[in-house]
Amino acid sequence: MPLSHTPQEPQKVWEALLAGNKRFVHELSERPNTDSKRRYGLRSGQDPRVVVLSCSDSRAPVELVFDIGLGDAFVIRTAGHIVDTSVLASLEYAIENLGVNLVVVMGHQSCGAIGATAGVIDDGATIPVGFQRAIVEKISLAAQAVHAQGSTSTAEYEREHTRQTVDRLLANVHALQHKVDEGSIGVVGARYLLDDGRIEPVVYHGVE
């Protein structure tokens with residue numbers, strides 16, 4: 001079922017995304033909502049079911065990973081899915097104006113931004129200069145939290161950074177927590193595995 005036909009309920013939307021990911025993993029993708037009729041029908045506006053904050057990494061294309069199409073997802077991508085004012089504003093817009101039912105933070109395996117941060121935290125590598133420094137500094141909060149527990153697992157850094165990103169969104173986008181509490185929006189933190197294409201859930205709010 002195309003995501004645009006999914007009931008506007010957080011749990012149903014999440015289940016539809018997982019079903020799309022399962023098709024992707026098994027090389028049974030349907031490529032829904034990608035034809036000229038769909039494109040033409042979107043001229044007057046959009047009605048996405050989900051907003052996805054993901055990493056800019058070329059190996060983690062949201063629409064392919066979830067087997068969704070045009071107009072199905074409002075996607076925000078930054079290196080290491082870093083949150084700044086522009087990201088918060090984009091998310092707030094999607095929540096308040098587009099009526100999305102789900103927010104997904106999608107980290108991924110072998111994230112270069114997290115790998116660079118791990119190099120600084122674990123190996124004493126030099127922090128990048130210029131604007132890239134801000135990426136490492138923000139991710140370092142997650143890396144340090146995992147490191148303090150005695151782990152240097154990059155996979156755990158990736159999971160913790162996703163958890164902290166979700167917490168940051170809930171804390172800073174005021175409408176989001178309210179809508180989670182009333183049941184109109186769910187929030188999921190997940191990790192995309194390059195090894196086999198699966199989505200690994202990390203944290204849930206308002207869905208299961």
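A word on the model itself: it is predicted, so local features need pLDDT of at least 70 and side-chain atom pairs count only at pLDDT 80 or more, while totals for chains, interfaces and linings use all residues. Residues are numbered from 1 along each chain as its sequence is written, and side-chain values use heavy atoms, with hydrogens and water left out.

As for the overall fold, the protein chain has eight helices and five strands (DSSP runs numbered from the N terminus, with helices being H or I of at least four residues and strands E of at least two). Going along the sequence, their order is α-α-β-α-β-α-β-α-α-α-α-β-β. The radius of gyration of the protein chain is 17 Å, close to the 17 Å that the globule rule gives for 208 residues, so the chain is as compact as a globular protein of that length. Here the radius is taken over C-alpha atoms, and the rule is 2.2 Å times the number of residues to the power 0.38. The C-alpha trace spans about 55 × 40 × 35 Å along its principal axes.

What about the surface and the inside? Buried residues account for 47% of the 208 in the protein chain, where buried means under 20% relative accessible area, exposed over 50%, and partly exposed in between (1.4 Å probe, protein chains only). Taking contacts (heavy atoms within 4.5 Å) between residues at least 6 apart in sequence, 70% join residues at least 24 apart.

Salt bridges come next, and there are twelve of them, each being a side-chain nitrogen of Lys or Arg within 4 Å of a carboxyl oxygen of Asp or Glu. One of them pairs the side chains of Asp72 and Arg38, at 3.2 Å from N to O. Asp72 lies in the loop between α3 (62–65) and β2 (73–78) and Arg38 in helix α2 (residues 36–41), so this pair ties together parts that are 34 residues apart in sequence. Both ends are tucked away: Asp72 is buried at 1% relative accessible area, and Arg38 is buried at 18%.

Helix α7 (residues 154–172) holds Gln164, which is buried with a relative accessible area of 17%. Leaving aside residues up to four places away in sequence, Gln164 touches Leu141, Ala142 and Ala145. Helix α7 also contains Glu156 and Arg159, three residues apart or about one turn of the helix, whose side chains form a salt bridge at 2.7 Å from N to O. Glu156 is partly exposed at 28%, whereas Arg159 is buried at 18%. Arg163 and Glu160 form another salt bridge, their closest N and O atoms being 3.2 Å apart. These two residues are likewise three apart in helix α7, about one helical turn; Arg163 is partly exposed at 29% relative accessibility, and Glu160 is buried at 18%. Finally, salt bridges with shared partners link Glu156, Glu158, Arg159, Arg191 and Glu200 into one network.
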